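Please look over the sequence and the model, then read the points below by topic.

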Amino acid sequence: MDINDRRKKLVFRAWHRGTREMDLLLGSFADSFVHTCSPEELDQFEHLLTCQDPDLYDWKCERATPPSEENTPVMRLFLSHKLPPA
């Protein structure tokens, strides 16, 4: 698959999670991150998208800490990402 097609697919998946909160959190992160990241970072982001919404939300809200196997550079970028002003 072409890297640009892969990026588009990942952005779409990020914006269509199933819960509105995660759509906003992951979608805005994808919009600011995916178009400039490396293939390795895309792999990490694709793995991040396999995590369950309740887990991601708890990690993002600092109610829980991601397990060591999920603590990737892309996960840390996602956790530090701030939503753009409305």
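The points that follow go through helices, core, aromatic rings and single residues.

The model is a predicted one. Its largest nonpolar core has 21 residues, and helices H1, H2, H3, H4 and H5 each give two or more residues to this core. Phe29, Phe33, Phe45 and Phe78 form one aromatic cluster.

**Helix H1**

- Helix H1 covers residues 3-15, and its 13 residues should span 18 Å at 1.5 Å a residue; the end C-alpha atoms are 19 Å apart, which agrees.
- Arg6, Arg7, Leu10, Val11 and Ala14 are the buried residues of H1.
- Helix H2 (20-33) and helix H3 (39-48) are what the buried residues of H1 pack against.
- At the start of H1, the backbone nitrogen of Asn4 has a side-chain oxygen of Asp2 within 2.9 Å.

**Helix H4**

- The residues Asp53, Leu56, Trp59 and Lys60 are buried in H4.
- Their arc around the axis is only 130°, so they sit on the same side of H4.
- The cover over the buried residues of H4 includes H2, H3 and H5.

**The largest nonpolar core**

- Among the 21 residues of the largest nonpolar core, those that touch the most other members are Leu26, Phe45, Leu48, Leu56 and Phe78.
- Two or more residues of this core come from each of H1, H2, H3, helix H4 (53-60) and H5.
- The helix that gives the most to this core is H2, with six residues.
- Beyond its neighbours within four places in sequence, Phe45 is in contact with Leu10, Ala14, Leu26, Phe29, Ala30, Phe33, Val34 and Val74.

**Aromatic rings**

- A pair of aromatic rings is described by two values, the distance of the centres and the angle of the planes.
- The model has four aromatic pairs.
- One of them is the tilted pair of Phe29 and Phe45, with 5.8 Å from centre to centre and 50° between the planes.
- This pair links distant parts of the chain, since Phe29 is in helix H2 and Phe45 is in helix H3, 16 residues apart.
- Phe29 has a relative accessible area of 3% and is therefore buried.
- Phe45 is buried as well, with a relative accessible area of 0%.
- Phe29 and Phe78 form an edge-to-face pair, with 5.6 Å from centre to centre and 70° between the planes.
- Because Phe29 lies in helix H2 and Phe78 in helix H5, this pair ties together parts that are 49 residues apart in sequence.
- Both Phe29 and Phe78 are buried.

**His81**

- His81 is in the segment after helix H5 (73-80).
- The relative accessibility of His81 is 17%, so His81 counts as buried, given that buried means under 20%.
- The side chains of His81 and Ser28 are joined by a polar contact of 3.3 Å.
- Apart from its neighbours within four places in sequence, His81 is in contact with Leu25, Ser28, Phe29, Ser32 and Lys60.

- Lys9 is a residue of helix H1.
- With a relative accessibility of 40%, Lys9 counts as partly exposed.
- The C-alpha atoms of Lys9 and Glu46 are 9.9 Å apart in space, while the two residues are 37 residues apart in sequence.
- Pro39 belongs to helix H3.
- Pro39 has a relative accessibility of 41% and so counts as partly exposed.
- Ile3 and Arg6 are touched by Pro39, when residues up to four places away in sequence are not counted.
- Between the C-alpha atoms of Pro39 and Lys8 there are 13 Å, and the two are 31 residues apart along the chain.

Terms used. Residues are numbered from 1 along each chain as its sequence is written. This is a predicted model: local features need pLDDT of at least 70, side-chain atom pairs count only at pLDDT 80 or more; totals for chains, interfaces and linings use all residues. Side-chain values use heavy atoms; hydrogens and water are left out. Helices (H or I, at least four residues) and strands (E, at least two) are DSSP runs, numbered from the N terminus. The expected span of a helix is 1.5 Å times one less than its number of residues. Buried means under 20% relative accessible area, exposed over 50%, partly exposed in between (1.4 Å probe, protein chains only). Contact means heavy atoms within 4.5 Å. A polar contact is a pair of N or O atoms within 3.5 Å; within protein, one must be able to donate a hydrogen and the other to accept it, and residues adjacent in sequence count only if both atoms are side-chain atoms. A nonpolar core is a set of buried Ala, Val, Leu, Ile, Met, Phe, Trp, Tyr and Cys residues joined through side-chain atoms within 4.5 Å. The arc is that of the directions from the helix axis to the C-beta atoms. Rings of Phe, Tyr and Trp (its six-membered ring) pair if their centres lie within 6.5 Å; planes under 30 degrees apart count as stacked, over 60 as edge-to-face and the rest as tilted.
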